[in-house]
Amino acid sequence: MEGRKERGRLRNFLQRMAMECLCSGEQLKGADETIRSSDSSITKDFSASGYSSRNGEVEQYLDNGNIEEAELSLREGVCLNYEEARALLGRLEYQRGHVEAALRVFDGIDISSLVPKMKISIARKAHRRKTRSQWDSPPMPLHAVSLLMEAIYLKARALHDLGKFKDAAQECRMILDIVEAALPEGLPAGFGKGCKLNEIICKAVQFLPELWKLAGFSLEAISEYRRSLLNNWNLDGETIAKIQKEFAVFLLYSGCEARPPNLHSQLDGSFVPRNNMEEAILLLMILLRKFNLRRVERDPTVMHHLTFALSMSGQLKPLAIQFEELLPGLLDKREWSYNVALCYLAEEDDLTALNLLKRILKLGQESENLKELLLGSKVCVEKGDYAEGAAYARRAIANIQGGCDQLVGVADVLLGVSLSNQARYAISDTDRASWQYEALEVLGSAEKNMHWQDPRVLYNLSLENAEQRKLDAAVFYAKKLVKLEAGSELRSWLLLARLLSAQKLFADAETIVDAALDQTGKWNQGDLLRTKARIQAAQGEFSDAVGTYTQLLAIIQLRRKKFISGISLAKDAEDDKSLETETWYDLALLYLGMSQWRDAEVCISKIRAVSCYSALAWHATGKLYEVKGLPKEALGAYFRALDLDAKHVPSLISTAIILRQLGDRPLPSVWCFLTDALQLDRTNHMAWFNLGLLYEEEGGRSAAEAAECFQAAALLEETAPVEPFR
């Protein structure tokens, strides 16, 4: 009798210890970390619980493939039912590295028949936590539910290890479906505390989207990511942040466009993303806010992904704001300033960008600030501060001697462009000649460093040779450029056509424009058609030129309708407005040359309708007064044009011509208008010619200056393109 009691106490002890083993969290961690050995924590737990007496026997059965005998031995030893014993054996097999054997064990469990009991048990467990009732007992103990849930999870992992990702995803989804059906409002706080059910659910939530991605089902992966974030799974803050980041990265780079989330639970007026990009940006901004509130550990890569997303969507100003709201320490101070400068530069706030770059350049060694020096030089060139741009480029070159050829090439290009522009506005002839010579030298050096394969170098080399009227060299580089780009860049075609027109090869220039038109979409043909019309006018083909201008205006009208419908951008509309104004201006001058005054007046009225404050309209009006023999009225119109745009070169020259003809003003005032025009455009042959006439009228010692002016005018007229090279 006492022996029977002793055996009963031993059986109860074994059962109690087995349950403690099942509820420990160490075994699942061992599964996830793939520590699969017979000495794992599960084996140790069973040794401690009384399983050691049957350990050798069960493992011997498993080694011999006798799963049924092992199951029977385990059930007799710790009083488990069939499914629980199989779940425990499957876990043991999986941890020992026997994936296929574990899968066979798990396949023997009829989970579908147990799902209703599992749902009821989970629901009643949650209800008991709320009501504190002890009478509404569940049909299945929670530790048994945990064991079966773990079996499903480990089966999914086994299928994953065997490369059966779709089957694994379907198994893993069963865990979440069971919990969601039992608790539609989500897991209550603290649910599953003391057992590993909550841990299994947490791991399944993270694992399921990865399985769908591996299986190639992007839409299902997105759906599960949303499910994991919108439902309450009792996840900790770090886990939620990890899922949010992984989801955002997948939305950005997967190439799969999913339907917008259906957020019925959102309050009215809340932001609902309309596409993948917006959803990813929202997730990344939420993560940044968590970083700033110190709720989760900081991750600098989140800012990198947000930078990509906002850059791709053209939202650089909001990106700058996000950078500015970051707390110190997430990004290096220099990296922070550089990124914010890039944002402001993209938004055309060059001054703010340059000030940020100057702040960086005060912080460290020159050799550490190469990209900041190069960007600073670029910003200075774009804002017209060429001397400072050249200085930054020289500092960069001085600190990359013997370094990367590509960086040296970039610095040489920036220095060459800065020197070229300095030469254009130089007051001293000596400085101009020196800068022009050095510009060609550094651009040639850039070409070698870039191995003759960089379009920027070839373009600037061609442009600089053209400005110096070395047309053969300019044409050589322009043709090489078009070939290198395979005719994909509009500005390269235009440069080549202008160069050929400067060589008075008008037929060849028109052929080049026609070739470019064949490769360019109709919406982008505006500049090409204007160049073609000017080439036709230069050849005396006025009727053809009028037809080309008419075609150009029709395209502009269609583009305007597209803008009104909200398809185009504001910048496109502004460009179209400028192009339309210049087209009507060209047509007005063309009609004046054909003595069609009425048509010219119509064109002038069109200019005013497009832009009532355009200097072009008043200059064309002055030309109309001139051909009508009304010089004083013409002079008044030119003055009005200069009031609107003091740097309008044609109005400066026309004003000087009328003043010299009228003789109302002293010659120095006329000379002032012409020198202002030459300061803005030193290649204008009309300005040089009229300056020569002034020197000629002065006589005496001014005859030599007059001869030089006439010589410059003749050379420039002989090599003048139909429109400026730049």
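**Entry 1: helix H31**

I began with helix H31, which covers residues 615–627; its 13 residues reach 19 Å from the first C-alpha to the last, close to the 18 Å expected at 1.5 Å a residue. The expected span is 1.5 Å times one less than the number of residues in the helix. Helices here are DSSP runs of H or I with at least four residues, strands are runs of E with at least two, and both are numbered from the N terminus.

I noted the basis of the model: it is predicted, local features need a pLDDT of at least 70, side-chain atom pairs count only at pLDDT 80 or more, and totals for chains, interfaces and linings use all residues. Residues are numbered from 1 along each chain as its sequence is written, and side-chain values use heavy atoms, with hydrogens and water left out.

The buried residues include Trp618, His619, Thr621 and Leu624. At the start of H31, a side-chain oxygen of serine 614 comes to within 3.2 Å of the backbone nitrogen of leucine 616.

**Entry 2: the chain as a whole**

I recorded 36 helices and zero strands in the chain. Of its 726 residues, 48% are buried. I looked up contacts next (heavy atoms within 4.5 Å). Among contacts between residues at least 6 apart in sequence, 60% join residues at least 24 apart. The chain exposes about 35300 Å², and carbon and sulfur atoms supply 52% of that area. Accessible areas come from the Shrake-Rupley method with a 1.4 Å probe; for residues, only the protein chains shown count as cover.

**Entry 3: confidence**

I checked pLDDT, the predictor's confidence in each residue from 0 to 100. The chain averages 80, and 81% of the residues score at least 70. Confidence is lowest in helix H3 (residues 41–48), at a mean of 36, and highest in helix H25 (residues 490–502), at 93. Over residues 1–59 pLDDT stays under 50, and the model has 96 contacts beyond four places in sequence for them. Residues 565–570 also have a pLDDT below 50, with five contacts in the model beyond near neighbours in sequence. Where pLDDT is low, the predicted coordinates should not be read in detail.

**Entry 4: helix H11**

I turned to helix H11 (residues 197–215), whose 19 residues reach 26 Å from first C-alpha to last, close to the 27 Å expected at 1.5 Å a residue. A kink of about 25 degrees lies at phenylalanine 207, shortly before proline 209. The bend at a residue is the angle between axes fitted to the seven residues ending there and the seven starting there. Phe207 and Pro209 are among the buried residues of H11, as are Ile201, Val205 and Trp212. Just after H11, I found glycine 216 with a positive phi of about 90 degrees.

**Entry 5: helix H29 and tyrosine 549**

I looked up two residues of H29. Aspartate 586 lies in this helix, which covers residues 570–593, and counts as buried because its relative accessibility is 12%. Its side chain makes a polar contact of 3.1 Å with the side chain of tyrosine 549. A polar contact is a pair of N or O atoms within 3.5 Å; within protein, one must be able to donate a hydrogen and the other to accept it, and residues adjacent in sequence count only if both atoms are side-chain atoms. Not counting residues up to four places away in sequence, aspartate 586 touches Arg530, Arg534 and Tyr549.

Threonine 583 also lies in H29 and, at 0% relative accessibility, counts as buried. Threonine 583 and tyrosine 549 are 34 residues apart in sequence and 6.8 Å apart in space, C-alpha to C-alpha. With residues up to four places away left out, threonine 583 touches Tyr549, Leu552, Leu553 and Ile556.

**Entry 6: glutamate 279**

I located glutamate 279 in helix H14; at 7% relative accessibility it counts as buried. The side chains of glutamate 279 and arginine 226 are joined by a polar contact of 2.8 Å.

**Entry 7: positive phi in two loops**

Arginine 294 has a positive phi of about 60 degrees although it is not a glycine. I placed arginine 294 in the loop between helices H14 (276–292) and H15 (300–312), and it counts as exposed at 62% relative accessibility. Alanine 486, likewise not a glycine, has a positive phi near 55 degrees.

Notes: Buried < 20%, exposed > 50% of the residue type's maximum accessible area, 1.4 Å probe, protein only.
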